[in-house]
Amino acid sequence: MRNIVLALLSIGVGFAISFFGLDIYSNSILNEDKTIAQSNEVITSKEEEAPINKDNTPEETLTTEDSSTDSFSVDTEDIQKSFDNWEAYTKGNIDLMSTFIPMDDKGAIMEKGIFLTLLRTGAYIPIKSEKDGKVQYQLTGIDDSSNEKIKKSIVSKASIAHQYFKMEGKKLPNYNFVDLNGNAHNKADTKGKLLVLKCWFITCKVCVEEFPELNKLVDKYKDEKIEFVSLAFDKKDELIKFLETKEFKYPTIPEQKDYMTKKLKVKQYPTHLIIDSNGIIIKMVNNVKTLTSELERIMGK
């Protein structure tokens, strides 16, 4: 009997050892599989962060290179890392009110109104490139991690640019201006001429800083059929006193706030309008640099 009990006890211990060993082995295999799975997840995650194109160029770096184009490379991830990076990039490269070729996120040319409307959604940023000397802006999806100020900035700028774009092609609202010297400026006086309007007010620092560059434009086109006129918020006596200390060669019309805001739909200052000889608004821009380039484009010099 004693031998039988010992035999049964021996069998039980052997079975327990075998079962315990099998469990350790199984757990080892499972842990190994889990480690491999985790490793694969890390690799997949990295690939999703920086997808590779056929030419092994990361997709977040937008490049435009062609034998007939100007090479241009922008790291779209870098310019979205901070609002300062974005501001630095846009100041030197992006002006939504200028003349450019608008393209969708696939590189196809699109209508400017639609381009600006899409920018207003906050889902895209514009990236500059050049082709045959012509400026192109392409829509690029904004990163989810981008600073919220970047989205707000582009939405604000695109909204104003879209408003100005809608004014282009429309007739300049009726006007009959009288400048500080008592001279009239109306449709009869400007017929057959290109009319350039500047919208401003005395306490607008940027508006006043533009004076020297605007004076150069007056001198440059003095022999052309172009009339330069400025519309100001301020009263006549305030403007006369102010302009005694600041040379400004544009004839200036006082107290035009209502005309600018209600008729011209001006949203920021300064704003410049270029009106053709038939009284049609060609361009609305917000700085002297773009005004200068647009006049050169229109006048061919």
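**Burial, pocket and backbone**

Of the 301 residues in the chain, 39% count as buried. The model is a predicted one.

Me: How many helices and how many strands does the chain have?

Reply: Helices and strands are counted here as DSSP runs, numbered from the N terminus. On that basis the chain has ten helices and twelve strands.

Me: Among contacts between residues at least 6 apart in sequence, what percentage joins residues at least 24 apart?

Reply: A contact requires heavy atoms within 4.5 Å. Among the contacts in the chain between residues at least 6 apart in sequence, the share that joins residues at least 24 apart is 63%.

Me: What percentage of the accessible surface belongs to carbon and sulfur atoms?

Reply: The accessible surface of the chain amounts to about 17,800 Å². The part of this surface that belongs to carbon and sulfur atoms is 52%.

Me: Which residues have the most contacts inside the largest nonpolar core?

Reply: The largest nonpolar core has 69 residues. Helix H4 gives the most to this core, with seven residues. Inside the core, the residues with the most contacts are Leu96 and Trp200.

Me: Which element supplies the largest share of the lining of the largest pocket?

Reply: The largest pocket holds about 750 Å³ of space. Of its 28 lining residues, the closest to the centre are Ile94, Asp95, Leu96, Asn287 and Thr290. At least two lining residues each come from helix H2 (83–93), strand S5 (134–141), helix H4 (148–167) and helix H10 (288–299). The largest share, six residues, comes from H2.

Me: How many residues of the lining of the largest pocket are charged?

Reply: Asp, Glu, Lys and Arg are the residues that count as charged. The lining of the largest pocket divides into nine nonpolar and eleven polar residues, and the number of charged ones is eight.

Me: Which residues does the cis peptide bond join?

Reply: Pro270 is placed in the loop between helix H9 (257–263) and strand S11 (271–275). The cis peptide bond has an omega of about 0°. The residues on its two sides are Tyr269 and Pro270.

Me: Is Asp132 buried or exposed?

Reply: Asp132 is placed in the loop between strand S4 (124–131) and S5. Its phi is near 55°, a positive value in a residue other than glycine. Because its relative accessible area is 53%, and the cut-off is over 50%, Asp132 counts as exposed.

Me: What is the relative accessibility of Lys265?

Reply: Lys265 is found in the loop between H9 and S11. Although Lys265 is not a glycine, it has a positive phi of about 60°. Lys265 counts as partly exposed, at a relative accessibility of 35%.

Me: Why does Gln80 count as buried?

Reply: Gln80 is found in the loop between strand S2 (72–75) and H2. Leaving aside neighbours within four places in sequence, Gln80 is in contact with Ile125, Gly141, Ile142, Asp143, Ser146, Asn147 and Ile150. Gln80 counts as buried because residues under 20% do so, and its relative accessible area is 4%.

Me: How far apart in space are Gln80 and Asn147, C-alpha to C-alpha?

Reply: Asn147 is among the residues in contact with Gln80. The two are 67 residues apart in sequence, while their C-alpha to C-alpha distance is 7.2 Å.

Me: Is Gln256 buried or exposed?

Reply: Gln256 is placed in the loop between strand S10 (252–253) and H9. Not counting residues up to four places away in sequence, Gln256 touches Phe177, Leu231, Ala232 and Phe233. With a relative accessibility of 14%, Gln256 counts as buried.

Me: How far apart in space are Ala232 and Ile253, C-alpha to C-alpha?

Reply: Ala232 lies in strand S9 (residues 226–232), and at 0% relative accessibility Ala232 counts as buried. Its contacts, leaving aside neighbours within four places in sequence, include Trp200, Ile253 and Gln256. Ala232 and Ile253 are 21 residues apart in sequence, and their C-alpha to C-alpha distance is 6.1 Å.

Technical notes
Residues are numbered from 1 along each chain as its sequence is written. This is a predicted model: local features need pLDDT of at least 70, side-chain atom pairs count only at pLDDT 80 or more; totals for chains, interfaces and linings use all residues. Side-chain values use heavy atoms; hydrogens and water are left out. On a 1 Å grid over the protein atoms alone, a cavity is a set of points where a 1.4 Å probe fits but cannot get out, and a pocket is an open set with protein on both sides within 12 Å along at least five of seven lines; lining residues have an atom within 4 Å of a point. Grid points are joined across faces, edges and corners, and a volume is the space filled by probe spheres set on the points. Helices (H or I, at least four residues) and strands (E, at least two) are DSSP runs, numbered from the N terminus. A nonpolar core is a set of buried Ala, Val, Leu, Ile, Met, Phe, Trp, Tyr and Cys residues joined through side-chain atoms within 4.5 Å. Buried means under 20% relative accessible area, exposed over 50%, partly exposed in between (1.4 Å probe, protein chains only). Accessible areas come from the Shrake-Rupley method with a 1.4 Å probe; for residues, only the protein chains shown count as cover.
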